[in-house]
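This report covers one structure, shown here with its sequence.

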Amino acid sequence: MRDAATTQTARTDRRAAPALSVRGFTKTYAGGFTAVRDLDLEVPDGAFFGLLGPNGAGKTTLIGAVTNLVRPTDGEIQIFGHHHDTREARRLVGLAEQDINLDRFLNVDEVLIYHAGFFGMGRAHARRRAKELMEVFDLSAKAKVRPTALSGGMRRRLLFARAVMHEPRLLILDEPTAGVDVELRTELWEYTRRLHEIGTTILLTTHYLEEAEALCEEIALIRGGRIIARDSADGLRERYGARDIAEVYLQAMAQAAEAERQAVTA
Ligand SMILES: Nc1ncnc2c1ncn2[C@@H]1O[C@H](COP(=O)(O)OP(=O)(O)OP(=O)(O)O)[C@@H](O)[C@H]1O
Ligand SMILES: [Mg+2]
């Protein structure tokens, strides 16, 4: 992969507003199940932030609300100070979804160019950027192929390329490396790290705790739709007297499970 710094403008325009501010977010799905309850979360501008938690914890629900795929039941969500469903906020966020969701009737280059169109990027600029990103993600040979004719790892790469197409200031990666081979995982992380170095805020969910530990400056642990701990990786290790984030995770989840049991029997 080529150096990301050459394909994306470095950001020096730090603003006071956090990249993401979530206040009192609650989501009750149709049918009455409350997946997330009264959740507060702030991700500072420029952070590399990890959101970790078990299956069903509410990570994708939260990300869905931030990116307007899920309608909040309650709460206030802002992106760099803009209400999350405004045009300004939408332009500032890029999302690589957990579920691979690519238009099967478009070629690889069209997937990228059409996406740019949603964000008001001119056609010539979009073509240039698509070409650059296809090179970065080693997809140039597949430019005229439909996503259905790509391998799983290639689809993940395309999803990633689409997420960064409009140069978002906040990049949200929902399990971007699930089912991805070791080599590609390493490359995706290197690319993400370089985006972070040039000022992009990263919000990441992953079940690979050692990767979260290596990458994230701050981590929130979520369980049952609630944040149960949030600190720097060092702060968490210290608080739980743990050697690594995997140990922190297991302890925090066990404590939360015990508290839930006590609440039920009380
Ligand atoms: N459309 C929906 N309707 C009803 N319930 C839903 C819907 N989407 C998600 N849920 C429920 O909300 C809870 C949280 O799901 P979510 O996808 O946010 O979890 P997650 O933390 O992303 O988990 P994973 O690690 O498995 O991706 C789960 O219990 C799930 O079944
Ligand atoms: Mg999820």
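The sections below take up the sheet, the helices and the ligand shell of this predicted model.

## The sheet

An open sheet is built from 6 strands with mixed pairing, in the order E6-E7-E8-E3-E9-E10. Its edges are strand E6 (93–96) and strand E10 (226–232), each of which pairs on one side only. From one strand to the next the twist averages 15°.

Strand E9 (residues 218–223) pairs with E10 in the antiparallel sense, over 6 bridges. Leu221 has Ala229 of E10 as its bridge partner.

## Helices on the sheet

Helix H1 lies across strand E3 (48–52), strand E7 (170–174), strand E8 (201–205) and E9. H1 runs at about 150° to E7. Helix H5 (residues 152–164) also packs on the sheet, where it touches E6 and E7. The direction of H5 makes about 175° with that of E6.

## Helices H3 and H4

Helix H3 (residues 108–118) and helix H4 (residues 123–136) have axes that come within 9 Å and cross at roughly 135°. H3 is therefore oblique to H4. The crossing is right-handed.

H3 contributes Val108, Asp109, Leu112, Ile113, Ala116 and Gly117 to the contact, and H4 contributes Ala126, Arg127, Arg129, Ala130, Leu133 and Met134. By class, the residues of this contact are 8 nonpolar, 1 polar and 3 charged.

## Around ligand 1

Ligand 1 is surrounded by 13 residues, the closest being Tyr29, Ala35, Asn55, Thr60 and Thr61. The shell has 8 polar, 4 nonpolar and 1 charged residues. Helix H1 (residues 59–66) supplies the largest share of the shell, with 3 residues.

Note on methods
Residues are numbered from 1 along each chain as its sequence is written. Chains are lettered from A and ligands numbered from 1 in the order in which they are written. This is a predicted model: local features need pLDDT of at least 70, side-chain atom pairs count only at pLDDT 80 or more; totals for chains, interfaces and linings use all residues. Axes are lines fitted to C-alpha atoms, for helices over the stretch in contact, and angles run from 0 to 180 degrees between N-to-C directions. Helices (H or I, at least four residues) and strands (E, at least two) are DSSP runs, numbered from the N terminus. Angles under 35 degrees count as roughly parallel, over 145 as roughly antiparallel, 65 to 115 as roughly perpendicular and the rest as oblique. A crossing is left-handed if the near helix is turned anticlockwise from the far one by less than a right angle, and right-handed if clockwise. Two residues are in contact if their C-beta atoms, placed from the backbone, lie within 7 Å. Ala, Val, Leu, Ile, Met, Phe, Trp, Tyr, Cys and Pro count as nonpolar, Asp, Glu, Lys and Arg as charged, and the others, Gly among them, as polar. A residue is near a molecule or strand if its C-beta atom, placed from the backbone, lies within 6 Å of it. Two strands pair if DSSP finds at least two bridges between them.
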